[in-house]
Amino acid sequence: MTQHETYWDIVWQQFRKNRLASWAVRALTPVVAIAICAPLICSNQPLVFDEGPQRLYPWFRGLFHTAEPVDYLFNMALIGFPVWAVAALIQNRRWKARGASVGRRWWWLSLQYVGLTAVLATAFSVPVLRPRNVYASRTFTQEQFASAQTKHGIYVLIPFGPIEQDLFGCENRPPLFRKPAAEWRESNDGFPHLIGTDNAGRDVFTRLVYGTRISITVGIVAVGIYLTIGCVLGSLAGYFGGFVDILISRVIEIVLLFPAFFLILTLVGLIGPSIYIIMVVIGLTGWPSIARLIRGEVLKQRAADYVSAAQALGFTHARIVFRHILPNSLAPALVAAPFGIANAIITEAGLSLLGFGVRPPTPSWGNVLRLGSENYSLVWLVIAPSLGIFFTVTVFNLIGNGLRDAMDPRLRSTR
Amino acid sequence: MWTYIIRRLLLMIPTLFGVTVVSFCIMQLAPGDPLMMQLGAGGSAGQSTQTREAFLIQKRDLKLDKPLLLNRNYFRDYTEPVRIAAHYLSLSVEEIRAEIPALAQANPTAEDVARREFLRSLKIPEFDSSLPDADQYESLARKIQAWVQVDCEDTGLNGVPEAIALLKRSDTPLRERIGAIRCLNRMVIDPFVFTYSSQPREAETPRVVSGWKEWWLKNEKTFPPLDPDRKEILEQQFATLVAEPDRGVLFEKLQEASYDRDDLPFFAHKLLDGGTLPERFVASIVLKLFVSVPLKLDVPLDASAAEVADVAANWKLHYDSQQAEYRPSLTTRCLRLFTDTQYAHMVTRLATFNFGRSTLATREPVSERLWSAVKVSAPLMIAAQILIYLIAVPLGVICAVRRGRLADNLISLVLFMLYSLPSFIAGMLFLMTLCFGKPFKVFPAMSLHSEGADDLSWVPWLADYAWHTVLPIVCLSLFSLAGLAMYSRSSLLDVISQDYVRTARAKGVREVFVILKHALRNGLIPIITLFSSFLPAMLGGSVLVEFLFGIPGMGRLSWVSIEQKDFPTLMALIYVDAIVVMFSILLSDLLYVAADPRISFGGKGAG
């Protein structure tokens with residue numbers, strides 16, 4: 001069965017022709033992979049721990065019990081990954097045989113992955129279904145070190161936790177620092193700190209890895225919120241016109257008058273710092289520009305024949321707007337999305353740098369940066385998170401650029 | 001053109017109104033009444049009377065004791081609440097405690113019901129749950145005392161007539177009179193003014209004089225007649241004091257001068273018997289130095305009847321002199337329904353650019369703080385804007401002319417990386433590499449001038465200033481610079497491929513002129529408008545840059561005032577920022593029309 005070419009197929013083809021943009025999409029994969037697989041890279045919970053005859057699996061149980069809900073979501077994504085990967089391979093082959101384009105296949109597969117994660121997260125949030133964390137109060141690294149003969153554990157690559165402190169001669173150490181054997185107190189002390197430690201002796205590499213989760217979540221959720229608000233308000237203003245239009249346009253104008261970062265800073269500063277508040281506040285302050293784009297596009301589409309046809313068929317306003325007009329006017333808003341994610345990541349880091357961001361024990365790139373700003377001689381605390389932010393932001397900006405060029409009919413080369 | 005500008009300015013009014021609404025909403029996000037939070041569940045006010053009074057002044061200054069949008073207090077009947085409040089304020093904690101069981105009993109008297117309802121209306125936390133529990137009575141009594149006090153403070157001037165009526169009635173028992181006086185002390189701050197404000201005005205004279213006159217009437221007989229020789233000396237000293245222009249020196253002289261109590265009649269006469277404003281000003285200060293409490297206004301719980309009558313007389317005097325204030329006419333009350341609210345007061349303050357004082361301990365006027373911050377920030381912003389346009393436009397032109405060649409690719413790549421580099425990361429990298437000695441120590445960090453820079457002549461001063469501000473300016477401009485260069489590249493590319501450029505080339509115009517005269521002129525037009533979109537970004541972005549470089553400008557001020565919850569300053573900042581952005585949008589629209597003859601002021605340009 002051959003499918004006709006849709007608008008998005010054309011955009012996808014154009015996008016793939018842009019070398020930089022396709023590389024950016026590839027470069028995004030390791031970032032997302034690091035975010036999802038964070039516990040597989042760094043964790044201070046042993047995968048397997050032999051306690052006499054008994055064999056324990058603290059790492060796996062720990063996945064279900066995290067301090068930060070964001071971590072829980074990503075852990076569910078990690079658990080769901082093998083299931084999804086197998087299903088995706090089979091499905092992909094079948095769709096390929098049918099001749100679906102690469103873009104479409106990937107789009108559906110990623111949607112399925114998100115759905116699977118959501119299902120897992122909901123399922124395991126029911127107390128009965130989730131494995132009980134009987135080791136919540138145990139620190140395996142200490143126990144293992146106390147009697148190395150009787151107990152045995154296997155750790156993941158880097159045996160440090162994101163909020164695991166070491167205040168015994170491990171503060172502010174440079175990259176590749178390794179505690180001298182005489183000072184070991186825990187079993188993971190012998191492992192080198194790849195990018196050094198911060199002022200509480202926490203491993204910076206681990207914090208950056210876990211910080212990826214926070215940064216990406218803030219970016220995506222915030223942009224999701226403001227895309228939704230912007231689309232709804234923008235299409236209402238464009239479709240109904242008149243009083244509604246005047247009202248919404250005024251509100252857009254007023255919100256745009258406030259310098260964005262300053263407004264966000266004020267709101268977050270007054271309500272109180274937390275990632276969820278940051279997401280919501282970025283979402284609530286970012287919608288006007290999207291709404292304006294959508295409004296213009298909807299105004300253009302409203303005059304089209306298919307809208308008159310839909311009206312003549314007696315469809316409800318909601319159906320006309322959301323089923324017919326909006327899908328045709330989404331393009332400019334979607335171009336803004338990658339740039340928006342990049343911006344949200346920058347905003348979150350900036351807020352954390354000022355001390356209004358993620359609360360300190362929770363790892364985030366901005367938090368590490370803040371410690372660096374307090375003492376510039378700790379070079380690794382500045383450079384490492386800077387590189388992380390710069391890389392991610394560049395990748396999202398490149399994707400945004402590619403998307404914009406791909407949607408621009410003037411730049412469209414003959415196929 | 002003028003009609004267009006006027007129309008735009010008129011359209012700004014509803015927008016400004018919207019800005020005040022948004023700012024008001026932001027203010028409301030602040031967590032509740034800080035005083036109440038300090039009182040907490042324990043019920044003991046953890047503040048000394050002095051900080052409490054300072055807080056109260058601040059609260060009234062910000063009008064936080066007023067309702068948000070609709071002030072119905074002028075139509076409420078306060079007779080009953082004031083009576084009960086007076087009852088509770090006349091009791092010690094132990095006495096309140098002894099009364100609580102009466103409130104809790106099964107068949108209370110009408111009086112107890114009224115009191116219970118009153119206490120309930122104060123919204124004391126866990127009031128109902130702790131009423132039947134005898135163990136809680138101790139803390140409940142403390143809470144009742146604190147909350148009744150706060151209620152009096154919130155009632156403010158509205159309850160004064162009822163409290164005075166309570167004092168005037170002849171059948172009021174002594175205890176209740178004491179309570180009423182204590183109520184009045186909570187409701188009114190500084191009923192009498194005994195000294196002038198720091199900028200004396202003639203209008204203040206009647207209030208100042210009236211208080212002292214009352215004091216003089218009461219105390220005249222206690223002073224011996226003044227010795228003529230002494231009077232001579234005093235007269236001379238007084239003349240020098242009055243002539244002293246510097247306020248600080250004046251106070252020093254007053255500290256040194258050796259007056260005793262018997263000299264006071266001299267100053268009282270100076271103040272009361274007419275005289276110039278400076279004379280009265282100095283006399284009132286001297287009197288206040290000696291008589292800290294000229295008219296007694298507060299009474300202890302166990303005051304005698306004579307004492308109470310004396311203080312009550314003072315309060316009545318105050319009430320009678322301010323009748324108009326306390327008994328407003330019906331029209332005034334109807335008007336105040338809308339104008340005496342938090343929102344209305346805020347709009348008035350913003351509209352008149354009268355931002356009040358900061359809530360910090362220094363109580364600096366907000367406008368002064370703002371102005372000193374603007375003086376620091378504005379040069380940086382302007383320098384950054386100039387830098388952006390000076391560098392970005394030529395870069396864009398080079399890229400467009402050399403499209404697809406090495407220069408274009410290289411510059412585009414660098415620009416793109418700059419575009420992705422947040423200003424604060426650039427700033428931190430600069431600070432790390434160039435300011436803190438690893439590996440270079442070229443630029444200074446954390447100040448705008450070297451020490452002793454004020455003594456330099458203007459050339460080295462400027463050089464010093466530039467040396468200190470290079471890095472912040474670069475950080476401020478990086479992001480917008482990259483954006484503008486990329487934008488000017490693409491807009492010039494659009495123009496270059498148009499027919500009239502080809503025509504110019506065909507005519508044999510030299511390539512340089514084709515680009516500079518024909519293409520650039522049209523290509524630059526859209527760039528002008530970007531000016532309005534960079535400004536908000538810079539105002540916001542400067543928070544981080546100024547934070548990193550320790551520059552005491554607008555950005556740092558906003559950070560500090562958010563951190564310290566300094567609402568008046570924050571308000572003013574939000575408002576001023578919004579206005580600046582609004583005018584820059586107007587300016588860029590005007591520039592647009594000026595630059596592009598195809599667009600005119602007519603038509604539907606008002607959007």
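The contact between the two chains takes 33 residues from chain A and 40 residues from chain B, two residues being in contact if their C-beta atoms, placed from the backbone, lie within 7 Å. On the side of chain A that touches chain B, helix H10 (260-271) gives the most, with nine residues. By class, this side of chain A has 22 nonpolar, nine polar and two charged residues; Ala, Val, Leu, Ile, Met, Phe, Trp, Tyr, Cys and Pro count as nonpolar, Asp, Glu, Lys and Arg as charged, and the others, Gly among them, as polar. The model is predicted: local features need pLDDT of at least 70, side-chain atom pairs count only at pLDDT 80 or more, and totals for chains, interfaces and linings use all residues. Residues are numbered from 1 along each chain as its sequence is written, while chains are lettered from A and ligands numbered from 1 in the order in which they are written.

Within chain A, helix H2 (residues 19-36) passes helix H16 (residues 379-407) with axes that come within 8 Å and cross at roughly 140 degrees. Helices are DSSP runs (H or I, at least four residues), numbered from the N terminus. Residues in H2(A), including A:Leu20, A:Ala24 and A:Leu28, meet residues in H16(A), including A:Val395, A:Leu398 and A:Ile399. The residues of this contact divide into 10 nonpolar, three polar and no charged.

A:Ile345 is in contact with A:Ser215, A:Val218, A:Gly219, A:Ile389, A:Thr392 and A:Val393, leaving aside its neighbours within four places in sequence. A:Thr392 is also among the residues of H16(A) that meet H2(A).

How values were computed
Axes fitted to C-alpha atoms, helices over the stretch in contact; angles between N-to-C directions. Helix = DSSP H or I, 4+ residues; strand = E, 2+ residues; numbered from the N terminus.
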